[in-house]
Amino acid sequence: MWRHGLAGSTASSRLHLSATIARTRTTITSAKSLRLPHPRRTLTASSIRKSPLHPSSGPFEPLRPPSPSSLGGPRPARSYPRAEKYLRRLLILSALLGAGYLLDSQVYASGIARSLRTFSTGLLVAADYKLNFRPHPLPIIGSKSGIPELHRRSAERMSDLLRHNGGLYLKIGQAIAMQSAVLPPEFQKMFARMFDDAPQDEWELVEKVIRDDFGGRSVEEVFGVDFTGRDESKGVMEKTARASASVAQVHWARLPDGREVAVKIQKPEIERQIGWDLWAFKVVMRVYTWWFDLPMYSMVPFVTERLKLETDFENEARNSEVMRELINAEPALKGRVYIPPVYPELSSKRVLTTEWIEGVRFNDKSDLTRSWRGGHGNYSPGVHGEKLPSPDMRSLRAALRKNPNQQWLKPERNSWRGPNLTGGLGVSPKDVMTTIVDLFSAQIFKFGVVHCDPHPGNMFVRRLPNGKPELVLIDHGLYVYMSDQFRHDYASFWKAIMTFDNAKIAQIASSWGVKGAEMFASATLMRPYEGGENKVQKEFLKAMKARSPSERNYEMQRRMKQGIRDMLADEEKWPKELIFISRNMRIVQANNANMGSPVNRIKIMGVWASRSLWQDKGLNWRERAGNAWRHLLFKGVLWASDVVWWFFRVKQLFGRGGGMEDEVELKMREVAKEMGIELQHDVFAG
């Protein structure tokens, strides 16, 4: 029995050994096929019998892993030298870009990034025009959407660029929006939004500007104000801006001596951005001048100089005082126009403090014309610089003690509107527009000192004791100073246009380097010039026959481009002041049209042009006497202009059409459209 069991056990061991050998051989075969790290080590039957797995080869030993020394040396890790080189370069480049970004954002207020954005957008727009501004699209790469769509997407790209960059770029956008005689209507519609208020900076940034410009003194020390309401000897100031534009924002304050002031504070990033912004503008204009063969770059230095001066508030203060003195010395304007005084002790290069103005904005026609509810013989607060009624300072200080961050403190002086606040100034639009046209005509033809930004936001209207309007002109940063010779020539040019003196027109235009005298005369009048032969228009209409709509559109705008070349034929002779004087006149025309054309703008300007020639103290008495006699004859000639104006005025009163300015605008649009230009005067809508 025992032997039988032993024999069975031995047989079982042999079967177990055979199975083990078979598994081991399979493992060895697999190891060879997989090229295991140690192919020299092989298993044999004898080694298996010596193995701990063999139950009968001696005392039992547990299975142990091989020792490290028996496994052989380690294989070297695989290296990637090219990938490591590029990774190092990527890390270095990322570090440099990050450092550059921090430097740009902290030191230059993102000036470099803004310039790069300008270049990329400018090149994209230029390439789009180079490829797609043609009567028929190029095969494969050309856009089939046509020239109007090309203008639309380019205007959208440029508008997005200007809004994203902000600052001086918004100023450039506003200038573009008012030059409707140069750009397609798609640009006009897009750029009209440039007149919206810009976001205001935080109060901490405002405080920093004041500290930097006033030797480290705080706002409280400079203006003598208290933001806690506890010191009754101090004035008060609003931390929230009353208005915010592209370059600066305005805060209201009441000084300890009772004066109410407007504190205009430049946004701190402007000083750091202006160099880069103007440089980028110059580069883009240089590229466009070369790429599109248009004589534009010659104007750029003059334009950039004016824009830079606009950010210098000391320059604005000087302009304001010069205009204030000129108006007070002009009998035709004194008492009708008011320039707020500047307080130099509270002003600097980036801070401008002037008298606070209570009035109605010029473009608020409803408030201007609604009936006066302020009582007979009364007038608007502050006329002629009269001190404003004192607010309830006890209530203001109590409000500040309760909430030091009180948003609004200035009292609303609305008693003149009546108990239901439904009243207005009750002034005549004709009186308002007459004052405006007189003011800017005097600046151009008599003073030779021209405010070049007369948009509605820069003009306020107040009611005088006699019921007439008083015009208040603010924001004197953008000015042009004309030489006596140019002012005299420009007045003579206007008078020649009014009397159809084509020889004089051609002579003066030639002296300014202008080829197309008739086109230039139309651009000056802002209406078609009727005294010439209309050669350009006739040639154009002849060339338009038997053309497809796409070809006509292309030809119209090609001729517009040629017209610009003709008007700027000699860039050295061309008076750069005309850039901003034309801007001034275009805005005045748009203002008159928006008011319903209540005055004959062209006649008023013609009278001022003629009058300035005989009042010019730089001429000898013989020349002045001759000009005085011609002025009397000229006024007789202008009687015909009055007849035309009254004809349109009567039609307007009977609802049979618009006023003279509206009819002029319609006629100008018709002629301009034939020339490939679409005029827009509603850039101030809203």
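The model is predicted. The protein chain has 686 residues, and 47% of them count as buried. Its secondary structure comes to 25 helices and eleven strands. Among contacts in the chain with a separation of 6 or more, 71% are between residues 24 or more positions apart.

**Aromatic pairs**

- The structure holds 14 aromatic pairs.
- One of them joins F445 and Y490, whose ring centres are 5.9 Å apart. The angle between the planes is 15°, and the pair counts as stacked because that angle is under 30 degrees.
- F445 belongs to helix α15 (residues 429–447) and Y490 to helix α16 (residues 484–498), so this pair ties together parts that are 45 residues apart in sequence.
- Both partners are buried: F445 has a relative accessible area of 0%, and Y490 has a relative accessibility of 2%.
- Another pair is formed by Y479 and Y481, with 6.4 Å from centre to centre and 40° between the planes. This pair is tilted.
- Y479 is buried, at a relative accessible area of 4%, whereas Y481 is partly exposed, at 43%.

**A cluster of rings**

- Ring pairs link F445, F486, Y490, F493, W494, W512 and F520 into a cluster.
- The stacked partners F445 and Y490 are therefore both members of this cluster.

**Charges over rings**

- K85 lies over the face of Y86, at 5.3 Å from the ring centre.
- In a second case, K239 lies over the face of F227, and the distance from the ring centre is 4.9 Å.

**Helices α11 and α21**

- Helix α11 covers residues 300–310 and helix α21 covers residues 577–594. Their axes come within 9 Å and cross at roughly 60°.
- On the α11 side, the residues in the contact are F302, V303 and R306. On the α21 side, they are E577, I579 and F580.
- By class, the contact has four nonpolar residues, two charged residues and no polar ones.

**V236, a buried strand residue**

- V236 lies in strand β1 (residues 236–237).
- With a relative accessible area of 1%, V236 is buried.
- Not counting residues up to four places away in sequence, V236 touches V225, D226, W252, A253, R254, M393, L396, L400 and L409.
- The C-alpha atoms of V236 and P256 are separated by 8.1 Å, and these two residues are 20 residues apart along the chain.

**K573, a loop residue**

- K573 lies in the loop between α20 (549–567) and α21.
- K573 counts as partly exposed, at 46% relative accessibility.
- Leaving aside neighbours within four places in sequence, K573 is in contact with S510, S511, W512 and G513.
- K573 and W512 are 61 residues apart along the chain, and their C-alpha atoms are separated by 5.0 Å. W512 is also one of the residues in the ring cluster.

**Positive phi angles**

- Most residues other than glycine have a negative phi.
- H384 is not a glycine, yet has a positive phi of about 60°. H384 lies in the loop between α13 (365–369) and α14 (393–402).
- H384 is partly exposed, with a relative accessible area of 47%.
- S597 also has a positive phi, of about 50°, although S597 is not a glycine. The loop that holds S597 runs between α21 and α22 (601–615).
- S597 counts as buried, at 1% relative accessibility.

Terms used
Residues are numbered from 1 along each chain as its sequence is written. This is a predicted model: local features need pLDDT of at least 70, side-chain atom pairs count only at pLDDT 80 or more; totals for chains, interfaces and linings use all residues. Side-chain values use heavy atoms; hydrogens and water are left out. Rings of Phe, Tyr and Trp (its six-membered ring) pair if their centres lie within 6.5 Å; planes under 30 degrees apart count as stacked, over 60 as edge-to-face and the rest as tilted. Helices (H or I, at least four residues) and strands (E, at least two) are DSSP runs, numbered from the N terminus. Buried means under 20% relative accessible area, exposed over 50%, partly exposed in between (1.4 Å probe, protein chains only). A charge sits over a ring if NZ of Lys or CZ of Arg is within 6 Å of the ring centre and within 35 degrees of the ring normal. Axes are lines fitted to C-alpha atoms, for helices over the stretch in contact, and angles run from 0 to 180 degrees between N-to-C directions. Contact means heavy atoms within 4.5 Å. Ala, Val, Leu, Ile, Met, Phe, Trp, Tyr, Cys and Pro count as nonpolar, Asp, Glu, Lys and Arg as charged, and the others, Gly among them, as polar.
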